[in-house]
Amino acid sequence: NILEQQPRCLFLQSPVYVFGDIHGNLEDLHFFADNIWKMGMDLTAGKFLFLGDYVDRGMSCLECVAYLFGLKILFPHKIDLLRGNHETRDVNGWEMHYMEKSFLHQCKERFGVDVGEQVWEDCNQAFDRLPLAAVIDHEIFCIHGGFPRPIRIEDSPEGEMQTLHKSEIESILALPKV
């Protein structure tokens, strides 16, 4: 419910700490906790904006997602999580490319195939609801640098490829100017 209440583009006021790709690296999150919000989130001035790519490439994807979602639940007005291209099923489910560092692989390894695939899908349903962009002080535009390729299906009688969903980029561009 917390994620569904947020717009696709957040408007934030400084001070805001901005963090880039985590990619399943729990040590980075521990470093930030020890050095940036060491007095605790509620005692640290400002907000915290994470730009996406929480999973894949690292060996602690589940822990990173659980930690960040936990922070969002505990501090919904201090933590903001944007969606990166790794928060899409076609990227974080690409086991052939990321192998044991794939988010899907780690879910299945930890929980078994059936439960792991359900955990993976549940996480992706949460990722689907993450905002795509943020604007700080009506001047600084924040977005993840990678966009996933559009998902296509064969739908027409002639076998032409059709885009499955309207582009999320179009949603951002349709926002009113600030």
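What share of residues 82-87 is helix and what share is strand, and how far apart are the end C-alpha atoms? The chain there is 0% helix and 0% strand, and those end atoms are 9 Å apart. Helices (H or I, at least four residues) and strands (E, at least two) are DSSP runs, numbered from the N terminus. For residues 82-87, UniProt lists "domain: Serine/threonine specific protein phosphatases" in an unreviewed entry; such positions follow the numbering used here, feature names are shortened, and annotations may be inferred rather than shown by experiment.

The model is predicted: local features need pLDDT of at least 70 and side-chain atom pairs count only at pLDDT 80 or more, while totals for chains, interfaces and linings use all residues. Residues are numbered from 1 along each chain as its sequence is written, and side-chain values use heavy atoms, leaving out hydrogens and water.

I turn to the sheet. Three strands form an open, mixed sheet in the order β1-β5-β6, where two strands pair if DSSP finds at least two bridges between them. At its edges lie β1 (9-12) and β6 (140-143), each pairing on one side only. Strand β5 (residues 133-136) runs antiparallel to β6 and is joined to it by four bridges, with A134 opposite C142.
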